[in-house]
Amino acid sequence: GGDESKARDFVGKLFKQAPVLDTGGRAATTTFMTNQIGDVLVTFENEAEMIAREFGRDQFEVVYPSVSAEAEPPVTVVDKVVAKKGTQAVAEEYLKYLWSPAAQEIAANNYLRPRDATVLAKYTDRFPKVDFLSVEKTFGDWRTVQKTHFNDGGVFDQIYTGQ
């Protein structure tokens, strides 16, 4: 909508239409596909493939937004843990491997959008073009995002409770 007030209004209207707001993607899939509650499921793109495999591709239509937030799960080496276990080198090699073309191919084959542009280009049939907004550039660092939007009393609570 172009500004925060319009965004809050839109999300508030969306939540009012949601008969169930599950805690995660798989639970939402169960509610939607197995329990047949709701008209629309908003979930992760790889979850759509899992639904297709489990329920059949003819049971739903996947619609991709033209713009979406880029919210990648973080991965890191935890210094205290690797120091205690003596696994620093292995952990660092694993992280390097995650971004290698070979690992990105594995991701793509499991319907996780690869970050390697060359690998992604091979899978345009699976991953339509979506303009991704950087969470950090759009909303601030993750600590700020958590505090502003998801801590008790944050934007999510305000929208969800109609405050």
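**Figure 1. Glycine G162 after helix 10.** G162 is exposed in this predicted model, its relative accessible area being 65%. (Exposed denotes over 50% relative accessible area, buried under 20%, and partly exposed the range in between, with a 1.4 Å probe and protein chains only.) The residue belongs to the segment that follows helix 10 (155-161). Helices are DSSP runs of H or I with at least four residues, strands are runs of E with at least two, and both are numbered from the N terminus. Although G162 and K16 are 146 residues apart along the chain, their C-alpha atoms are separated by 9.5 Å. Residue numbers start from 1 along each chain as its sequence is written. Because the model is predicted, local features need pLDDT of at least 70 and side-chain atom pairs count only at pLDDT 80 or more, while totals for chains, interfaces and linings use all residues; side-chain values rest on heavy atoms, without hydrogens and water.

**Figure 2. Glycine G25 in helix 2.** Helix 2 covers residues 25-34 and includes G25. G25 counts as buried, at 15% relative accessibility. Apart from neighbours within four places in sequence, G25 has contacts with T43, F44 and E47 (contact: heavy atoms within 4.5 Å). A separation of 9.2 Å is found between the C-alpha atoms of G25 and L41, which are 16 residues apart along the chain.

**Figure 3. The second largest pocket.** The volume of this pocket is about 200 Å³. Its lining comprises 13 residues, of which E49, R57, V62, Y64 and Y111 are the closest to the pocket centre. A pocket is an open set of points on a 1 Å grid over the protein atoms alone, where a 1.4 Å probe fits and protein lies on both sides within 12 Å along at least five of seven lines; lining residues have an atom within 4 Å of a point. The volume is the space filled by probe spheres set on the points, which are joined across faces, edges and corners. Eight nonpolar and five charged residues form the lining, with no polar residue. Here Ala, Val, Leu, Ile, Met, Phe, Trp, Tyr, Cys and Pro are nonpolar, Asp, Glu, Lys and Arg are charged, and the others, including Gly, are polar.

**Figure 4. The chain as context for the close-ups.** The chain holds ten helices and two strands, in the order α-α-α-β-α-α-α-α-β-α-α-α from the N terminus. Its C-alpha trace spans about 50 × 40 × 30 Å along the principal axes. Of the 163 residues, 22% are buried.
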